[in-house]
Amino acid sequence: MANPTSSFALLEKARAGDRESLSALFEKHQRRLTVLVYFKLSSRARRDSEIDDIVQETYLRAVKDLPNYTYRSPGSFVRWLSALADHVIIDRQRYLAREKRAGVEVRFRSESNPAGPDPVDFVTPSRLFAQREKLDRLIELLDRLPEEFRQVLLMAKFEELTTEEISQRLGKSRENIAMLLYRAVKRLRALSGETS
């Protein structure tokens, strides 16, 4: 029997119409998705975009496409969200380019959901602030890593790819990826200790 808070269990409940399970599923993956979105954006795109807006648009698309999603393994849900985020980012960049050509600078809104739903959120502002501080701190630390370390950490810890999948994606041996990941984690811990 699946853990009642596993992505699979939450997904099944969400498909059955349980809104709390859907919220819990998204909350479970929000930190990972936010970090992935941050590093998918160029520094210029980060200035033009609100990362939280991109994450929310990704969730809106996920809700719409949830009936078509097939759970394959642990980590497949966050990989699916990451792929959706790629599309949101591309759409956002196209939208901004179109608006700049037209001489209009308008904040991004989804064509599929122009008014947006009212969020159902029971999290206190102080808790949100603390979560945001931790997230900003994590992004700052990841930003200080060499690109190769950051890339392998994002794939392993945020996209939840196996060392075999990472080695195929990067064209390196599995052993090389394992060593690179070990060094990346060690460097991240050292950076974390420096500023504590």
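The structure is a predicted model, in which local features need pLDDT of at least 70 and side-chain atom pairs count only at pLDDT 80 or more, while totals for chains, interfaces and linings use all residues. Residues are numbered from 1 along each chain as its sequence is written, and side-chain values use heavy atoms, with hydrogens and water left out.

**Helix 2 with helix 7**

- Helix 2 (residues 19-40) and helix 7 (residues 147-158) pack at an angle of about 150°, and their axes are 11 Å apart; axes are lines fitted to C-alpha atoms, for helices over the stretch in contact, and angles run from 0 to 180 degrees between N-to-C directions.
- The two helices, helix 2 and helix 7, are therefore roughly antiparallel to each other, a term that applies to angles over 145 degrees.
- On the helix 2 side the contact (heavy atoms within 4.5 Å) is made by Arg 32, Val 35, Leu 36 and Phe 39, and on the helix 7 side by Arg 150, Leu 154, Lys 157 and Phe 158.
- By class, this contact of helix 2 with helix 7 has 5 nonpolar, no polar and 3 charged residues, where Ala, Val, Leu, Ile, Met, Phe, Trp, Tyr, Cys and Pro count as nonpolar, Asp, Glu, Lys and Arg as charged, and the others, Gly among them, as polar.

**Helix 7 with helix 9**

- Helix 7 also packs with helix 9 (residues 174-194), at an angle of about 100° and with the axes 9 Å apart.
- Helix 7 and helix 9 are therefore roughly perpendicular to each other, the term for angles of 65 to 115 degrees.
- The residues of this contact of helix 7 with helix 9 divide into 10 nonpolar, no polar and 4 charged.

**Aromatic pairs**

- A search of the whole structure finds 6 aromatic pairs, counting rings of Phe, Tyr and Trp (its six-membered ring) whose centres lie within 6.5 Å.
- The rings of Phe 26 and Tyr 59 have centres 4.2 Å apart and planes at 10°, so the pair is stacked (planes under 30 degrees apart).
- This pair links distant parts of the chain, with Phe 26 in helix 2 and Tyr 59 in helix 4 (residues 51-65), 33 residues apart, and both Phe 26 and Tyr 59 are buried (under 20% relative accessible area, with a 1.4 Å probe and protein chains only).

Terms used: Helices (H or I, at least four residues) and strands (E, at least two) are DSSP runs, numbered from the N terminus. Angles under 35 degrees count as roughly parallel, over 145 as roughly antiparallel, 65 to 115 as roughly perpendicular and the rest as oblique. Rings of Phe, Tyr and Trp (its six-membered ring) pair if their centres lie within 6.5 Å; planes under 30 degrees apart count as stacked, over 60 as edge-to-face and the rest as tilted. Buried means under 20% relative accessible area, exposed over 50%, partly exposed in between (1.4 Å probe, protein chains only).
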